[in-house]
Amino acid sequence: MDPGQAGGASDGAEGLALIKPSVRAQSAYTLSAPTSRRKLNQNESPWDLPAALKREVLAAAEAAPWHRYPEFAPPDLIAALAAHYGWVAEGVLVGNGSNELIQATLATTLEAGDVVVAPTPTFSLYRLLTGVLGGRYRPVPLGPDFVYDVDALIEVAVRERARVVVLNSPNNPTGSALPEGAVERILDETGALVVCDEAYQEFGGPTALPLLAGSSRIVVLRTFSKALGMAGLRFGLALTHPAVARELAKGKLPYNVNVVTLAAAAAALRHHDTLAERVRLIVAQRDRLVDRLSALPALAVYPSAANFVLIRCLRHAAREVFRRLLDEHGILVRDVSGASELAQCLRISVGTAEDVDAVVEAMTVIVGSDR
Ligand SMILES: Cc1ncc(COP(=O)(O)O)c(C=O)c1O
């Protein structure tokens, strides 16, 4: 049907006029993902879940009634999560990916015009959701080589009376981890809710989990999408003071986690040791990727505590290097060079040993190894 027949002008102007200006001002979260032999663009696990684990999940899901709504928060799963992360069950919220819990946290804290402080560059969803919810986003540049500038974060948070400070450590897309003691300082020196997005924490850097007992102004977010290799099933959690958890829960939708995902989350915890072994393999490959790429004089390679590595192309256009990696070598990485602080930068997810070899070989062909 022609959109012009749908009761409005074909350019959508009437409907668009009803969308909040703060939403229209945002760029959508999109990703163009051409198919490739080696998919190193979304910081996923290079390995699917073990077949036996998948069968266990499917058997549990099959036994569950699909015509009934799932439990809000199955007590056994919540108890297992609480034990695993070392926090009280009443302070655990589960979500349809940790993205949903970022949204719930901002939706339940921000009034129109409230300020969210976050480092830049960082995960772009914080800016988008802050804008959608009518808040004001105040990005604070990371320091040289993308090291966290904790003084600057505190200074801006205090000056702007930030309601929320969002810290992603290790930070996507730079790989920088917060220094020890940073979250304590931000809690002490600001009045903000401090959201610690630890999507990549299993791969390195400190965790804020031990701080939960001492402050009700901290929310720690974890995901099963990265280290636990379950991105396709969408499962994440928030850990916070029980009183805060009860309020954050009002910002998420009921029945947000489906029966298959609930079964998979429980199975991932039961088989955690097997999955954690994969993290050790990824960390070893990350360090090898950093070493090998650092030997190429045409690239600057930033240290990473995560399962990805940020590089800057010093002699070539990043866009062209991205294209040649894909077209000539079948390797899909993330071109992040559009952001001003990330000019000529690419982000490469760490895959298998073969993936690392292929990236190094392709990069050597594309950018050369000459001094
Ligand atoms: C920093 C950060 N937080 C959260 C997420 C989303 O995680 P989930 O799959 O749990 O929604 C990502 C995904 O890339 C991320 O990079």
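Trainee: Which backbone atom is 3.0 Å from an oxygen atom of the ligand?

Mentor: A polar contact is a pair of N or O atoms within 3.5 Å, and here a polar backbone atom of Asn-99 lies 3.0 Å from an oxygen atom of the ligand. A polar side-chain atom of Asn-172 is 2.8 Å from a ligand oxygen, and an N or O atom in the side chain of Lys-226 is 2.9 Å from an oxygen atom of the ligand. The protein covers 93% of the 400 Å² of accessible area that the ligand has on its own, with areas taken from the Shrake-Rupley method with a 1.4 Å probe. This is a predicted model, in which local features need pLDDT of at least 70 and side-chain atom pairs count only at pLDDT 80 or more, while totals for chains, interfaces and linings use all residues. Residues are numbered from 1 along each chain as its sequence is written, and side-chain values use heavy atoms, with hydrogens and water left out.

Trainee: In what order do the four strands of the open sheet stand?

Mentor: Strands are DSSP runs (E, at least two residues), numbered from the N terminus, and two of them pair if DSSP finds at least two bridges between them. Here the order is S9-S10-S13-S12, with antiparallel pairing. Strands S9 (299-301) and S12 (334-335) stand at the edges, each with a single partner strand, so one side of each has no neighbour in the sheet. Two bridges join S12 to the antiparallel strand S13 (residues 345-349), and Asp-335 stands opposite Leu-346 in S13.

Technical notes
Polar contact = N/O pair within 3.5 Å; in protein donor to acceptor, adjacent residues only side chain to side chain.
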